[in-house]
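Trainee: I should like to study one part of this structure closely, namely the disulfides and the core around them. Would you kindly take me through that part in a connected way?

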Amino acid sequence: MATKGTGLQAKVSRMLSKEFGKPILKPNKPLALRNEVANRKLRQGEASCLTEMSVMMACWKQSEFNHAACAQEVHAFQRCTALAQAERKARMGQESSGQGGRLHPKQANTLLKRHPNLYREI
């Protein structure tokens, strides 16, 4: 694995050098990783149970907001939201235990502060 990194560094240094004429890469910033990441919020997933909610609201509109006439749609919507909340809790449990695929920016910054980048520029 260490040989792959040195091979990549050699390839990038060849692309930056003027040895073979005009350099291929013209970086406007130094080619080095920073020791921090941006503090952005993680993306929220898409909204759940939209179809059930729209069916329930359409039923309410047709029955002039009579809950008794739309009991089946209301029950389907409540069941869907309960399942969505259970999935969300399970996903949060996986992410907090380190099994999720992404780190929160604060966690990434603490790890990068513990292990800073040794090379300033390639």
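Mentor: Read along the sequence, the chain follows the pattern α-α-α-α, with four helices and zero strands. Please keep in mind that this is a predicted model. The average pLDDT of the chain is 80, and 80% of the residues score at least 70. Where pLDDT is low, the predicted coordinates should not be read in detail.

Let us turn to the disulfides. The count comes to two. In one of them, C49 is joined to C80, with 2.0 Å between the sulfur atoms. C49 lies in the loop between helix 1 and helix 2, while C80 belongs to helix 3; the two cysteines are 31 residues apart, and the pair links distant parts of the chain. The angle about the S-S bond is -95°, and the link of C49 and C80 is left-handed. Both C49 and C80 are buried.

The link of C59 and C70 is left-handed, with -95° about the S-S bond. Burial is judged here by a relative accessible area under 20%. C59 has a relative accessible area of 13%, so C59 is buried. C70 has a value of 0%, so C70 is buried as well. If the bonded cysteines of the chain are numbered in sequence order, the pairing reads 1-4, 2-3.

The largest nonpolar core has nine residues in all: the cysteines C49, C59, C70 and C80, together with M56, W60, V74, F77 and A84. Helix 2 and helix 3 (71-96) each supply at least two residues of this core, and helix 3 gives the most, with four. In soluble globular proteins, nonpolar side chains tend to be buried together.

For context, consider the chain as a whole. Buried residues make up 11% of the 122 residues. The chain exposes about 11200 Å², and carbon and sulfur atoms supply 56% of that area. Among the contacts with a separation of 6 or more, 63% are between residues 24 or more positions apart.

N109 is found in helix 4 (residues 105-114). With a relative accessible area of 11%, N109 is buried, since the limit is under 20%. The side chains of N109 and N39 are joined by a polar contact of 3.4 Å.

Definitions and conventions:
Residues are numbered from 1 along each chain as its sequence is written. Side-chain values use heavy atoms; hydrogens and water are left out. pLDDT is the predictor's confidence in each residue, from 0 to 100. A nonpolar core is a set of buried Ala, Val, Leu, Ile, Met, Phe, Trp, Tyr and Cys residues joined through side-chain atoms within 4.5 Å. Buried means under 20% relative accessible area, exposed over 50%, partly exposed in between (1.4 Å probe, protein chains only). A disulfide is a pair of cysteine sulfur atoms within 2.5 Å. A polar contact is a pair of N or O atoms within 3.5 Å; within protein, one must be able to donate a hydrogen and the other to accept it, and residues adjacent in sequence count only if both atoms are side-chain atoms. Contact means heavy atoms within 4.5 Å. Accessible areas come from the Shrake-Rupley method with a 1.4 Å probe; for residues, only the protein chains shown count as cover.
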